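Please read them with the structure open.

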Amino acid sequence: MPMKLHQKILALVLACAMVLSMTVLAAETDGAQEEAGLPTDVAADAWYAEAVAFVQENGCMNGYADGTFAPDRTVTRGHLFQTLYQMQGSPAVEASTFTDVAADAWYADAAAWAQDKDLATGTTFRADTAV
């Protein structure tokens, strides 16, 4: 076989091997994210992936109903107090007296807990205010 033809075949084989290895690597990465139970927007190799897995496994944070965690989203008072409330085991609470907390708000129990513990005071909770 002439040398140039041999080099072309070798180059073609190496190119195919590289494409195949990238496909396998991408499949392994997707599998690692699913295997780790990570939200859809947290890559398994993200610097914070281990922390996300920890807070979810320990019931501190749940993420959103659509399967995301939104790691780039601004943290609000609602998020902060919901996290602290869940870290305390989500104890039973009486409804808060905050005028801006609906009884069916996702953070209603956390707001009541924060009020009971004197962590949040006043007449309004301001759940959407950034911290």
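1. Basis. This is a predicted model, in which local features need pLDDT of at least 70, side-chain atom pairs count only at pLDDT 80 or more, and totals for chains, interfaces and linings use all residues. Residues are numbered from 1 along each chain as its sequence is written, and side-chain values use heavy atoms, with hydrogens and water left out.

2. Largest core. A nonpolar core here is a set of buried Ala, Val, Leu, Ile, Met, Phe, Trp, Tyr and Cys residues joined through side-chain atoms within 4.5 Å; buried means under 20% relative accessible area, exposed over 50%, partly exposed in between (1.4 Å probe, protein chains only). The largest such core has 14 residues, and Phe81, Phe98, Val101, Tyr107, Ala111, Ala120 and Phe125 touch the most other members. Helices α3 (77–87) and α4 (108–116) each supply at least two of its residues, with α4 giving the most, five. Helices are DSSP runs (H or I, at least four residues), numbered from the N terminus.

3. Helix α4. Seven of the nine residues in α4 are buried, among them Trp113 and Gln115. The buried residues of α4 pack against α3 (contact: heavy atoms within 4.5 Å).

4. Positive phi. Ala70, in the loop between α2 (49–57) and α3, has phi near 55°; at 24% relative accessibility, Ala70 is partly exposed. Asp118, in the segment after α4, has phi near 60° and is exposed at 60%.
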